[in-house]
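Let us take a friendly walk through a protein chain, going from single residues up to the whole. Keep the picture beside you as you read.

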Amino acid sequence: MYIIGVFLTGFVSCSQKELIAHYERPEWLKGNVWEILEQRGDFTHFLRGAELAGFREVLDGKTITTVFAPSNEAFQRYLSLHNATTIEQIPLKELKKLIGYHLVYYSYDRFRLQNYQPNGSEHIEPNFAGLYYKHRTRSQDTISVDLDKTDGKSKKVYHKDRFLPVLSNTHFQTKGIDPAANYDYFFGSARWKGADGFNVANAGVVEYAIPADNGYLYIVDQVLEPLNTVYETLSAQTAFSDFVAIYDRYRNFTYDEQTSRDYAAAGDSLYVLNHGNLPAIASEWTSYGLTGSFDYFDLGGLSYRAFNVFAPSNQSLQAFFNTYFAAHYRSLQEVDLLPLSLLINNHVYQGSVVFPSEIGKNPDIKTSYGTPIAFNPNTDVLAKAIASNGAFYGLNKVLVPDLFNSVTGAALRNPKYKIFMYMLYNSGLYQTLSSRDIEFTLFIPTDEAILNTLYGDSYIFWSEGNPLVFGDEAVLVENSEGIRVPLSQRQQELFVSNHVAYGKISSLQDKKVYRTRNPFSYIYTQNGDVYSMSAYNAQQGIAATNISGSWYNGYSYEPSESLLAENGTIKFTLLGAESASNPLHNYAEFSKLLVRAGLLQTGNSLSFLFGNRFLLFAPDNQTVLKGLQDGLIPTNNAALAEYLKAYFVSVADNSLSDYPFPGFGVQGTWNTALRTGYNVYRQLTLVDNGSSLLLRDGDNTTIPITNVLPKVFADGAVYPIQTLLKK
């Protein structure tokens, strides 16, 4: 697959070699192109057109060029097809475009057109032989004026030079496909004439590479019809007007400083038409919408790169709307810009120009989401065309992105999940959750639920921005000064990930635990409710309803509120454990022991853990009180401090990547925080029986872990036990 960076990094040296090679004088000179054509006498229409259009200087030696000249007979056929008898009847603006399309910048001999190598003979790329297939001509549209709906202002749009496809036999050989069948698919039966060379757009070559003192001349059997961009080609097809209308919802204009300096009238500004984050199919230079570039910018990239658009018809788009959006929107034009952009991107392949024999066979031809582009070129295509910047296939079907049928489908279809949908997109998780190899359960809160969410120290806010500009939306929070600022991509990823459970949760009735996408964060289910770690610690179940749909990789639920990780810490929470509302109230007596031993000092709480996550196997209040009564707990504060460390297991020091839960298989013999010698620690063994967990002390004393799901905090997890460790 072509990578633009290859050409950018080596541009300066490569372009110099390129230009030197093209400016070499042929060994045998027969006069300039104008003189050769004039001497032959069969090209008066073409020469007259060149003179009227202002290109005589190009032909008679004022610049180096490659010329494709149609004979009088070919030109007469062209005039007849366009209801004209003389070339003077063609409007001058159209004539400039027409004649200019036969004039290619630089001098190319036959070999260089069959296998153009932008990096020169010293850096030939055999795998790309013939694939650098299009060349810059002197044909361009005049400056046009368009209305920018995003600001209501008219913009002058500059149109760069058209590119001309030279489709060589080498191109098709490199791809391993039949030249005639694939060329004729676009240009008509028996039109391929390039068995020993190439065709030029719609024309065959009658004579190759006639040397002139200002370049090379090729005689072609057809007048070259100026090709438009894929965008313009589509716009002329009424059967695909809905696809164009969707594309135009992203329409914007980018100021081109360099072009304005070079070509604008005094006081004017020139713009380039773009379509936001969609592929730049309106760009004559196939340049991803880059502006301000000098004329011979990235010759290799411009010659290779194509936008291949597989546009669904109006009828098929309407059927797609009826299936996926009609329950929530009145028309396709009302659907939010984000799901539409995901849909459109699934219909454009950016790379080598695509021919029908490659569809479903070339593994490189896939969507931006990595799925193959596949359809039947013979039965699924209603219209097709080679354009100046790529190719167009008009389909009778929609290539539906997997996103719409995975667990993310509901968020994309229903506007009440808009904020979460944008967070899915901004975090990049929308593609992760479309995997066909991993099963998920996705909890999708509504906009109302998210806007009622206290995230950290702030509620979440939504800014629509300019509704006509995709990407102007923002998820916001208030900073410490009360100013609303965008929620970072990482923060959005953490928020979304806490709503992603691995595995299919078919029922919320069972008492179960599921990993979320965030490490050391979980979702609990029991009695029909779902619990985030924050909700579980507060003992507040969250109602969740199943979102109906055939999601191929899992289930989706709508929770009544956002699922949040617990931001509080065990260290801080234990200090207030005497309060009945404290999540660790059942361990208030254990907390008192920690305080007495000096282990919960303000600013230095549980310092022996060095800030690591930890497991705390905590005896409940009744167990501690009985232990004190029975003399099982040290009374000396120093001895007590050492004893209490045996209840703590450092996650990092024991290389744990997960907290233990029944059935998780997280088990083993671990060092506690109690040091018994140089680099020697008291150890506990945890055993996972599948349905329960238990501890074994160093003397093989068995300590069952109460069958209650642990409370998980930002710094660790608390597991309840009802037996004390021995002193």
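Helices (H or I, at least four residues) and strands (E, at least two) are DSSP runs, numbered from the N terminus. What you see is a predicted model, in which local features need pLDDT of at least 70, side-chain atom pairs count only at pLDDT 80 or more, and totals for chains, interfaces and linings use all residues. Residues are numbered from 1 along each chain as its sequence is written, and side-chain values use heavy atoms, with hydrogens and water left out.

**Two residues up close**

Is Val 500 buried or exposed? Buried means under 20% relative accessible area, exposed means over 50%, and partly exposed lies in between (1.4 Å probe, protein chains only). Val 500 has a relative accessible area of 0%, so it is buried. Contact means heavy atoms within 4.5 Å. Not counting residues up to four places away in sequence, Val 500 touches Leu 433, Phe 440, Thr 441, Leu 442, Arg 515, Thr 516 and Arg 517.

Tyr 185 sits in helix H10 (residues 179-187). Tyr 185 is also buried, at a relative accessible area of 15%. Leaving aside neighbours within four places in sequence, its contacts include Pro 356, Pro 377 and Tyr 393.

The table pairs each of these residues with a partner from elsewhere in the chain.

| Pair | Separation in sequence | C-alpha to C-alpha distance |
|---|---|---|
| Tyr 185 and Ile 386 | 201 residues | 10.0 Å |
| Val 500 and Leu 563 | 63 residues | 9.7 Å |

**Helices that meet**

Two packed helices are described by the angle between their axes and the distance between the axes. Axes here are lines fitted to C-alpha atoms, for helices over the stretch in contact, and angles run from 0 to 180 degrees between N-to-C directions. Angles under 35 degrees count as roughly parallel, over 145 as roughly antiparallel, 65 to 115 as roughly perpendicular and the rest as oblique.

Helix H4 (residues 44-53) packs against helix H6 (residues 72-81) at about 70 degrees, with axes 7 Å apart. H4 and H6 are therefore roughly perpendicular to each other. At this meeting, Thr 44, His 45 and Phe 46 of H4 face Asn 72, Phe 75 and Gln 76 of H6 in contact. By class, the contact has two nonpolar, four polar and no charged residues. (Ala, Val, Leu, Ile, Met, Phe, Trp, Tyr, Cys and Pro count as nonpolar, Asp, Glu, Lys and Arg as charged, and the others, Gly among them, as polar.)

For helix H16 (residues 337-345) and helix H18 (residues 418-427), the axes come within 10 Å and cross at roughly 45 degrees. H16 and H18 are therefore oblique to each other. Leu 338, Pro 339 and Leu 342 in H16 are in contact with Met 421, Tyr 422 and Tyr 425 in H18. Here the residues divide into six nonpolar, no polar and no charged.

**The whole chain**

In total, the chain has 26 helices and 34 strands. Its radius of gyration is 35 Å, well over the 27 Å that the globule rule gives for 727 residues, so the chain is more spread out than a compact globule. (This radius is taken over C-alpha atoms, and the rule is 2.2 Å times the number of residues to the power 0.38.) Along the principal axes, the C-alpha atoms fill a box of roughly 120 × 60 × 50 Å. Of the 727 residues, 56% count as buried.
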